[in-house]
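Please consult the sequence and the structure alongside the points below.

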Amino acid sequence: MTTQLRESLLADHVDMRPVAADADQSIADRNSIVQLDPDHPGFRDQEYRARRNRIAEIALSYRPGETIPDAPYTPEEHRVWGAVWSALQPAQQRHACAEYLQAVRRLNFESDRIPQLAEVSRKVEAISGFRLEPVAGLVQPRVFLESLANGVFLCTQYIRHHSTPLYTPEPDVVHEIVGHAATLASERMAQLNRLFGEAVKRATSEEVLEQLARVYWFTIEFGVLREGGAVKAYGTGLLSSAGELEEMHQAELRPLDLNVVARQKYDPTHFQPVLFCADSFDAMYQTLHEYLVQG
């Protein structure tokens, strides 16, 4: 698989998700397992980087089936969560679809603390059968996508740097939990995630993988639909960012034709200028379900 394809398979709404070695590969120096770009807000913050390493070590030593250890969040990091959540809640009430709002209520996030992965996983698994498993943030894209077929969402635990609470250059625990985990508390959204994983497992060519990546991007990450006469979000990249939720109304809306979507290129480093809009949640579910089963 080419480097470009590996990146496109798991690009995120804030930036390209990092790609690294398999989890079983030995790491000689765990103090350097988190590599931050010099432009990262936390690059010069040694305490933040050390804490990122400790959180990454949780994932590196984790084995499926074990209880997920709590991440050592600081009071400052809990305040970051509070700042993000206070911006997100009203934005979601205005712009999120009913299916998501119902799902996020089931998880009952607190506004003053970052929820630990183990507690969120228990709630999600009781609803849809999906479970969360920690990763350091560096996983093979195809491994990530294929894990969805087994009802597993590979989830980072670190939170963005306190200097930029409404911005992150990489997927963090806010995006993972408020976006992905919350949608997995919807049985129908969980089913679509499973079907994506199964479709990736069946894919035998790079062309098919690229098409699936684009469909994933414009639905699971950046999907919108019409509801009550308004455009609402069901994509995780939108739902986990107050800025994205506001900006989505400036995008060009096109009908949800997945054959067209599969050919549409995208840039993950900017607000999306084009979004594909379904006529309803039911219509989106049926269209995407048929595409993934038949693909």
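How far apart are the closest N and O atoms in the salt bridge that E119 forms with R113? In this predicted model, the closest N and O atoms of E119 and R113 are 2.9 Å apart. The points that follow place this pair among the other charged contacts and then turn to the strands and to one helix.

**Salt bridges around R113**

- The model holds ten salt bridges in total, and two of the residues that pair with R113 are E119 and E110.
- Between E110 and R113, the closest N and O atoms lie 3.3 Å apart.
- R113 is itself partly exposed, with a relative accessible area of 27%.
- E110 also counts as partly exposed, at 40% relative accessibility.
- E119 counts as buried because its relative accessibility is 19%, and the cut-off for that class is under 20%.

- R188 and D282 form a salt bridge whose closest N and O atoms are 2.6 Å apart.
- R188 belongs to helix 8 (residues 187–202) and D282 to helix 13 (residues 281–294), so this contact ties together parts that are 94 residues apart in sequence.
- Both residues are partly exposed: R188 has a relative accessible area of 29%, and D282 one of 48%.
- Through salt bridges with shared partners, E99, R188 and D282 are joined into one network.

**Strand pairing around strand 3**

- Strand 3 (residues 224–227) pairs with strand 4 (residues 230–233) in the antiparallel sense, over four bridges.
- These two strands form a hairpin with two residues between them, and G228 there takes a positive phi near 60°.
- Strand 3 is also joined to strand 6 (residues 274–278), in this case by two bridges and in the parallel sense.
- L225 takes part in both pairings: its bridge partner in strand 4 is K232, and its bridge partner in strand 6 is A278.

**Burial of helix 7**

- Helix 7 (residues 173–183) is largely enclosed by the rest of the structure, because eleven of its eleven residues are buried.

Conventions: Residues numbered from 1 in each chain as written. Predicted model: local features only at pLDDT ≥ 70, side-chain atom pairs only at ≥ 80, totals over all residues. Heavy atoms only, no water. Pairing = 2+ DSSP bridges. Buried < 20%, exposed > 50% of the residue type's maximum accessible area, 1.4 Å probe, protein only. Salt bridge = Lys/Arg side-chain N within 4 Å of Asp/Glu carboxyl O.
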